[in-house]
Every structure is written in C-alpha cells, then in structure tokens.
Amino acid sequence: LTKHRDLKCPKSDQNRKKVRGMTDEEQKRFVNTLNEHVTKYGGTSYRLQLLIELYCGMRMGEINALKPEDIHFKKGFIHVQRTISTGLNNRTFLKEGTKTAAGIRDVPISKPLEGVLKQALEEMQDNPDGLIFYDHRNGSVIPTTRVNSFFKTICKKANVKCSGQHSLRHTFATRCIEAGVPALVLKNWLGHTDIHITLDTYADVFV
C-alpha cells in the first residue's frame, strides 16, 4: 500500500451539481426495490454498499475501502480512515487516508446499519487487501462508477429520479436534519472540512 500513497489524483474540472436527497416515499420505494432486486446470472449486486451509504452517509469510496477492523459494534461506530481513489490513467487503488483530513472520522452505527454491516461481514471473502467488499472476478478493488451504474438501475425500477448514488449521502443528511441532529454533529459525521459546507449544502433543509 505504501507505493500508492504517493500517487497523485487528477482534479475534476466538472462543475458541482446540486444533488438532492430522496423524499421519505422515494426512500421507501428505493429500499424495497433494492431488497427485491434479483441480479442476473454473472452480475454483481451492490445492495449492501448502497444501504450503508443511505444509513450512515459515508462516501462510496470509503465504503468500498472498509475492513473488518474498522467496524466497532460494541462502541457503536465505524472508523473511516481510507478510501478507494482513482489516479492517473483512471487507475483505481486503495488509498490510506480519506478525501480530506476531516474525512478521517467515526460515524455512528444505527440499528438498520448494524444489520447490514453484519451481513456484509458474513458474506466477506478473503482477498489480498483484506476488504469487506472486493471484486473477486477481476481481482481488484471496486470503483465507485460501477456501484453508480447499479444504483441507477435500481432507481429506474423504483421510479425514483436520481443524479448518482451520492444522493444517498444527501438522503442520510436530510433525515438527520429532520430528526434534529445539530449541524456541527452532522458536519463531523459527513467528514466536511468546514461547517459552512454543511450549512450551504443543506440550507434548504435546515430552514
């Protein structure tokens, strides 16, 4: 892993798009469709990763970089400390550390999330990187783009408008705000570098 720490990731020149969270009704349809979806022979389901993002707001790269030792059921949190990143020539690799320094954090394990994590651990297979989620067919880590394609398939079946699986992170944040979670606490859970990012991103929900 040491050799990967020095790889530089290209900066995106894409404009930031407004991503909205799902409504309660959309979320129910999405989860029901996701749980009922049957993957075609030879296909891969990313159901557990999508549920983890929905239930704790972690970035997909962070989810696909999880190891068993990051999950602390007794203490009630996941310790986020690495991510799947894309370097030069679209090379995907496991990166120690997160998108920003603030990304290294602890996120709470709710009851719904606990069940999903336990299932993921039960289904985990040995792999060179010791990851909970791994592409065994290709012998590599799982890129976010692949999960995003699966997410769009589920949204279409559930008749839910989507702009990418990142909307699940926004859905988690929206439910937290609706439940009265303080902005500063949410900032830490999401791994934002500045409270103003949290306030600006979810200004319409805080109102």
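Trainee: Leaving aside its neighbours within four places in sequence, which residues is L186 in contact with?

Mentor: In this predicted model, L186 contacts F172, A173, C176, I177, V181, T198 and F206, once neighbours within four places in sequence are left aside. The residue sits in helix α7, which covers residues 183–190.

Trainee: What makes T198 a contact of L186?

Mentor: A contact requires heavy atoms within 4.5 Å, and T198 is on the list for L186.

Trainee: Why is L186 called buried?

Mentor: Buried means under 20% relative accessible area. L186 has 0%, so the residue is buried.

Trainee: Is H192 counted as buried or exposed?

Mentor: H192 has 9% relative accessibility, and because the limit for buried is under 20%, H192 counts as buried. This residue is in the loop between α7 and α8, the latter being 195–201.

Trainee: What makes the pair H192 and T198 a polar contact?

Mentor: The two side chains make a polar contact at 2.7 Å. The cut-off is a pair of N or O atoms within 3.5 Å, one able to donate a hydrogen and the other to accept it. H192 also touches A102, R169, K187, I197 and Y202, besides T198, not counting residues up to four places away in sequence.

Trainee: Why does D70 count as buried?

Mentor: D70 has 1% relative accessibility; buried means under 20%, so D70 counts as buried. Its place is the loop between α3 (60–63) and β1 (71–72).

Trainee: Which side chain does D70 join in a polar contact?

Mentor: The partner is the side chain of Q81, at 2.6 Å. The limit is 3.5 Å. Not counting residues up to four places away in sequence, D70 touches A65, F77, I78, H79, Q81 and R82.

Trainee: Why is N159 called exposed?

Mentor: Exposed means over 50% relative accessible area. N159 has 63%, so N159 is exposed. This residue lies in the loop between α5 (144–158) and α6 (166–178).

Trainee: What is the phi of N159?

Mentor: N159 has a positive phi of about 60°, although it is not a glycine.

Trainee: How many residues apart along the chain are H37 and K157?

Mentor: They are 120 residues apart along the chain, and their C-alpha atoms are separated by 9.0 Å. H37 is in the loop between α1 (24–36) and α2 (47–56). Leaving aside neighbours within four places in sequence, H37 is in contact with F150, I154 and K157.

Trainee: What share of contacts in the protein comes from residues 24 or more positions apart?

Mentor: Such residues account for 62% of the contacts with a separation of 6 or more.

Trainee: How do you know what radius of gyration agrees with a compact globule?

Mentor: With 207 residues, a compact globule would have a radius of gyration near 17 Å; the protein has 17 Å, so the value agrees. Along its principal axes the C-alpha trace spans about 45 × 40 × 40 Å.

Trainee: What share of the 207 residues counts as buried?

Mentor: The share is 44%. The protein exposes about 11,900 Å², with carbon and sulfur atoms supplying 50% of it.

Trainee: How many helices and strands does the protein have?

Mentor: There are nine helices and five strands. From the N terminus, the elements run α-α-α-β-β-β-β-β-α-α-α-α-α-α.

Conventions. Residues are numbered from 1 along each chain as its sequence is written. This is a predicted model: local features need pLDDT of at least 70, side-chain atom pairs count only at pLDDT 80 or more; totals for chains, interfaces and linings use all residues. Side-chain values use heavy atoms; hydrogens and water are left out. Helices (H or I, at least four residues) and strands (E, at least two) are DSSP runs, numbered from the N terminus. The radius of gyration is taken over C-alpha atoms; the globule rule is 2.2 Å times the number of residues to the power 0.38. Buried means under 20% relative accessible area, exposed over 50%, partly exposed in between (1.4 Å probe, protein chains only). Accessible areas come from the Shrake-Rupley method with a 1.4 Å probe; for residues, only the protein chains shown count as cover.
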